[in-house]
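I opened the notebook to look up a few things in one chain. The entries follow in the order I made them.

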Amino acid sequence: MEATLFSVAGLLGILVAGWTLVPAGRNWFARKFSSPNRLRWTLACFGSLLLVALAGCAVGRTHPSWLNTVVVLAGAGLIVACLVAPAFRIRYRVAARPRRVLAIGAHPDDLELACGATLAKLSDAGHDVRTMVMSNGSQGGDSRVRVTEAAAGSDFMGATAVQVHHFQDTNLSGHGPEMVKAIEEAIEDFRPDVVITHSRNDYHQDHQAVHSATMRAARRHSSILCFESPSSTRQFDPSVFVDIAGYVDVKIHAVGMHRDQKGKPYMSAERVRSLAAFRGSQVKTTYAEGFEPVRLLGSAVGEF
């Protein structure tokens with residue numbers, strides 16, 4: 001009987017510790033729970049402690065009584081952590097009328113940095129989110145890696161489709177007509193209720209070029225929002241805010257998936273969280289993402 005219990009406990013420890021440490025497990029925790037890293041490491045520690053204690057018990061026929069105590073405590077801690085975990089689930093309300101949202105960025109990491117939490121929240125609420133990235137970021141890193149990271153980031157946020165174009169990085173203004181055509185085709189195919197893209201109040205020439213191309217391509221569209229980038233100017237003045245309580249760690253994780261850009265100051269978790277807190281303070285909530293409306297039809301946005 002004791003051997004059976006130890007076997008079951010050992011299997012539980014292996015499953016929990018293994019799942020929390022593999023990439024799939026990390027992504028799952030980040031998309032399902034607020035404060036995902038604390039929960040993940042708590043489960044990993046209890047699972048690993050349980051395995052080590054069971055291994056010690058299995059070494060010989062006799063083992064110290066304290067080792068049995070460690071097994072019991074680690075197992076109990078693991079069970080309690082699993083029972084408490086649902087309290088940390090990200091809370092969201094499913095939209096009664098789902099919308100279609102098209103988000104357009106210049107580079108592979110722009111959407112995650114600017115509106116990653118909003119896109120994830122909209123996806124969870126049942127809205128159909130699609131993304132477009134206009135360049136592969138070859139001037140700022142390894143283009144093959146960055147394209148893969150763009151697809152992984154969009155998938156993590158819940159986008160149903162992502163298009164990565166290969167217009168020349170740092171010279172997107174030279175591809176204005178081609179970008180307009182690509183965006184027009186995406187709008188005609190998807191028929192989004194809301195288009196989200198870069199602001200004109202941005203120092204980066206590629207961001208300005210994508211903003212201009214989107215304005216031309218969506219000239220007949222009723223709802224266009226512009227997001228905030230790390231290179232936004234002091235003139236960026238949001239008046240539409242999305243409460244992203246529970247989604248800041250989702251955004252931080254999505255940004256962190258762009259490992260090719262790791263080390264750049266604006267990619268840090270501290271910067272991401274600080275900006276979200278600042279925008280949240282402007283609308284008297286904990287965390288928020290801000291947007292400038294070019295124009296906004298209330299019925300198109302609905303329950304955002």
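Entry 1, terms and ground rules. I call a residue buried under 20% relative accessible area, exposed over 50%, and partly exposed in between, using a 1.4 Å probe and protein chains only. The model is predicted, so I noted that local features need pLDDT of at least 70 and side-chain atom pairs count only at pLDDT 80 or more, while totals for chains, interfaces and linings use all residues. Residues are numbered from 1 along each chain as its sequence is written, and side-chain values use heavy atoms, with hydrogens and water left out.

Ser 299 sits in helix α11, residues 298–301. Helices (H or I, at least four residues) and strands (E, at least two) are DSSP runs, numbered from the N terminus. I took contact as heavy atoms within 4.5 Å. Apart from neighbours within four places in sequence, Ser 299 is in contact with Arg 97 and Arg 99. I also looked up Asp 193, which is 106 residues from Ser 299 along the chain; their C-alpha atoms are separated by 9.1 Å.

I counted 11 helices and 7 strands. The C-alpha atoms fill a box of roughly 80 × 40 × 35 Å along the principal axes. Of the 304 residues in the chain, 48% are buried. Among contacts with a separation of 6 or more, 80% are between residues 24 or more positions apart.

Which residues of α10 are buried? I listed Val 272, Ala 276, Arg 279 and Gly 280. Seen down the axis, the buried residues of α10 fall within an arc of 105°, so they line one face of the helix. The arc is that of the directions from the helix axis to the C-beta atoms. An α-helix has 3.6 residues a turn, so residues three or four places apart point the same way. The buried residues of α10 pack against β6 (240–243), α9 (248–256) and β7 (288–295). Just after α10, Lys 284 takes a positive phi of about 60°.

I found α9 mostly covered, with 7 of its 9 residues buried. Among them are Val 248, Asp 249 and Lys 251.

On a 1 Å grid over the protein atoms alone, a pocket is an open set of points where a 1.4 Å probe fits, with protein on both sides within 12 Å along at least five of seven lines; lining residues have an atom within 4 Å of a point. The largest pocket has a volume of about 420 Å³. Its lining has 19 residues, and the closest to its centre are Ile 252, His 253, Val 255, Gly 256 and Met 257. Which element gives the most to this lining? It is α9, with 5 residues. The second largest pocket has a volume of about 250 Å³; volume here is the space filled by probe spheres set on the points, which are joined across faces, edges and corners. Of its 13 lining residues, the closest to the centre are Ser 229, Pro 230, Tyr 266, Arg 271 and Leu 275. Here α10 gives the most, with 4 residues.
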